[in-house]
Amino acid sequence: TIKSSLFLGAGQGIEIVGAIILMPFLISQLGLKTYGLWILINSIVGYLGILSMGLSTAIERELCKLDTSDHLKKYKIVFSSGLFMLIALSVVTFVVVAAGVMASDLIVDEASLQETVATILWIFGIKTMLLLPTIAFQAVISSQLRHDLFVIAEQVMVIVKIIVIIIVIGETKNIIHLALIIAICETLSRVLIVIFAVKLKGFLLLSYCRPSINIMKGFIKYS
């Protein structure tokens, strides 16, 4: 819809403006060396996103096929199957992050920085573990074409994140504090998404039930 398109466009605009503001600020506060380490860690953590394997699109695709009033049970099974797979991926994420932490000496040579890298990897790893299951709720919102709710949840916290980073990092100049701020803000954003999804479909509709192996196979095939 036009409304959703406008919200998506506004959301992208906020992301771009935020990046333009934060990049020079972080370079000035952290220094080039620490900022370079920050970019390196973020590049590594970015690969954790591969673990979701496009499940959000696959779940959304199946939910779009179902009318809640006529296919309530099937809707719940599809949702629960996707949620089950995402929780399983959270466990895989823990293993991957643990391996990355143990290999932190391969990422940086300086012993003084290895503990910092390991701490940030754990922060972002735990954040990813917590947020993966919320992808199922995001799919519920997207299947209803309520992109406005998704943008509100994401971009409100982006604005909050930028403000808090400028205030806190301007004082502490600590890269671990930066990681904590981002992790907390993104987690709160996903909490809003879960709340919006439950309000859209009701708690009973989204409550967990036994997942279907066939549906999960379909998710994997589509992903």
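**Entry 1: an aromatic pair**

I looked up W38 and F124 and found both buried (under 20% relative accessible area with a 1.4 Å probe, protein chains only; exposed is over 50%, partly exposed in between). The model is predicted, so I note that local features need pLDDT of at least 70 and side-chain atom pairs pLDDT 80 or more, while totals for chains, interfaces and linings use all residues. Residues are numbered from 1 along each chain as its sequence is written, and side-chain values use heavy atoms, without hydrogens and water.

I recorded three aromatic pairs in the structure (rings of Phe, Tyr and Trp, the last by its six-membered ring, with centres within 6.5 Å; planes under 30 degrees apart are stacked, over 60 edge-to-face, the rest tilted). W38 and F124 form a tilted pair, 5.7 Å centre to centre with 55 degrees between the planes. Because W38 lies in helix α2 (residues 32-46) and F124 in helix α6 (residues 111-131), the pair ties together parts 86 residues apart in sequence. Helices here are DSSP runs (H or I, at least four residues), numbered from the N terminus.

**Entry 2: a second pair**

I then examined F94 and W122, whose ring centres are 5.7 Å apart and whose planes stand at 45 degrees, so this pair is tilted. F94 belongs to helix α4 and W122 to helix α6, so the pair ties together parts 28 residues apart in sequence. F94 is partly exposed, with a relative accessible area of 42%. W122 is also partly exposed, at 29%.

Definitions and conventions
Helices (H or I, at least four residues) and strands (E, at least two) are DSSP runs, numbered from the N terminus.
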